[in-house]
Amino acid sequence: MSNYLKYILACILFILGVYLVSGMHFQDALWVYLLLIVLMIFVSIVGHFSMRWNFHLKAFVGNKNETQKIVAITFDDGPNAVFTPDVLSLLEKFEATATFFCIGQNVIRHPELIKEAAEKGHTIANHSFSHSSTIDFNTTKGWLQEIEKTDAAIEKVLGTTPITFRPPYGVTTPALARAIKITKHRVVGWNIRPFDTTLKNKKKLVKRITRQIKPGAIILLHDSHDRIPYILEHLLLFLRENNYKTVSINNMMHDAS
Ligand SMILES: [Zn+2]
């Protein structure tokens, strides 16, 4: 049973309990029931957006037990013809490794970039095919198409399919959970999210990331905007100065299991 179902069941039992304890005077405490229902809906919505809660499915969001100074840098939404080459050059300069959660339709547009990334030792992972803004309303079948089409696009270039998937916007739903049961991908989240696509101040973004760095952290970045070379360079400088090493998501998950 998913954490979501357990939560709904607990809420129903709690509301029923309040009803029984209150002597079944439903009308007298109507506002209490309304408040409980609103709270229940609010927590459900937050749970959809928080992979850390493992509400609908179990996601890997970092290794809390890691003792070595290692972190996983991840890039979502690429490959991007303008910014992915800069990211790859910086990673090479600092001898760092990263994981790229790619959008299937971008893989079809720029297969040479994921080929180059994989040849340089980086990990290529699945981040849906369309990254549509309404993707969380998908049925199980819709999610399956999103995941399988991206796997196929990556396999066509690399000859292998990714073992990890990150849902766009970090939103999880029961339909996605059912699809993942079929595709058997490991779902990966993060524990450092600087909001690099929305915040414009590069220095603030670097500070936001570096102050949260700890062993076993997963950093969520995007190789899709013009601030990324600055952010990545300063992050890599910080990691080098503080003796941190970068690892792929697959290696971090392997160490955690
Ligand atoms: Zn994304």
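Is R227 buried or exposed? R227 is buried, at a relative accessible area of 9%. Buried here means under 20% relative accessible area, exposed means over 50%, and partly exposed is in between, with a 1.4 Å probe and protein chains only.

Before going on, the ground rules. This is a predicted model, in which local features need pLDDT of at least 70 and side-chain atom pairs count only at pLDDT 80 or more, while totals for chains, interfaces and linings use all residues. Residues are numbered from 1 along each chain as its sequence is written, and side-chain values use heavy atoms, with hydrogens and water left out.

Back to R227. Its side chain meets that of D226 in a salt bridge, at 3.3 Å from N to O. A salt bridge is a side-chain nitrogen of Lys or Arg within 4 Å of a carboxyl oxygen of Asp or Glu. D226 counts as exposed, at 54% relative accessibility.

How many salt bridges does a search of the whole structure find? The search gives 6. One of them is between R166 and D76, with the closest N and O atoms 2.7 Å apart. This pair links distant parts of the chain: R166 is in the loop between strand 5 (164-165) and helix 7, D76 is in strand 2 (residues 70-76), and they are 90 residues apart. Helices (H or I, at least four residues) and strands (E, at least two) are DSSP runs, numbered from the N terminus. Both R166 and D76 are buried.

Another salt bridge joins the side chains of K93 and E233, at 3.4 Å, N to O. K93 lies in helix 3 (residues 84-93) and E233 in helix 9, so this pair ties together parts 140 residues apart in sequence. K93 counts as exposed, at 56% relative accessibility, and E233 is partly exposed, with a relative accessible area of 26%.

On to helix 8, residues 202-210. Which of its residues are buried? They are L205, V206, I209 and T210. These four cover an arc of only 125° around the axis, so they sit on the same side of helix 8; the arc is that of the directions from the helix axis to the C-beta atoms. As background, an α-helix has 3.6 residues a turn, so residues three or four places apart point the same way. The face turned away from the buried side carries the exposed residues K203, K204 and K207. Strand 7 (217-222) and helix 9 (228-241) are among what covers the buried residues of helix 8. At the start of helix 8, a side-chain oxygen of N201 comes to within 3.1 Å of the backbone nitrogen of K203.

Next, two buried polar residues. N126 is in strand 4 (residues 123-126) and counts as buried, at 0% relative accessibility. Its side chain makes a polar contact with the side chain of D151, at 3.0 Å. A polar contact is a pair of N or O atoms within 3.5 Å; within protein, one must be able to donate a hydrogen and the other to accept it, and residues adjacent in sequence count only if both atoms are side-chain atoms. Leaving aside neighbours within four places in sequence, N126 is in contact (heavy atoms within 4.5 Å) with residues including F101, C102, R166 and H185.

T99 lies in strand 3 (residues 98-102) and is buried, with a relative accessible area of 0%. A polar atom of the T99 side chain lies 3.0 Å from the backbone nitrogen of I249.

For contrast, a loop residue. K184 is in the loop between helix 7 (174-183) and strand 6 (186-188), and counts as exposed at 66% relative accessibility. The K184 side chain reaches the backbone oxygen of K181 at 3.2 Å.

How many disulfides are there in the whole structure? The search finds 0, a disulfide being a pair of cysteine sulfur atoms within 2.5 Å. C11 is buried, with a relative accessible area of 15%, and C102 is buried, at 3%.

Last, the record. In an unreviewed entry, UniProt lists residues 69-247 as "domain: NodB homology"; UniProt positions are given in the numbering used here, feature names are shortened, and annotations may be inferred rather than shown by experiment. In the model, the end C-alpha atoms of residues 69-247 lie 10 Å apart, and the span is 43% helix and 16% strand.
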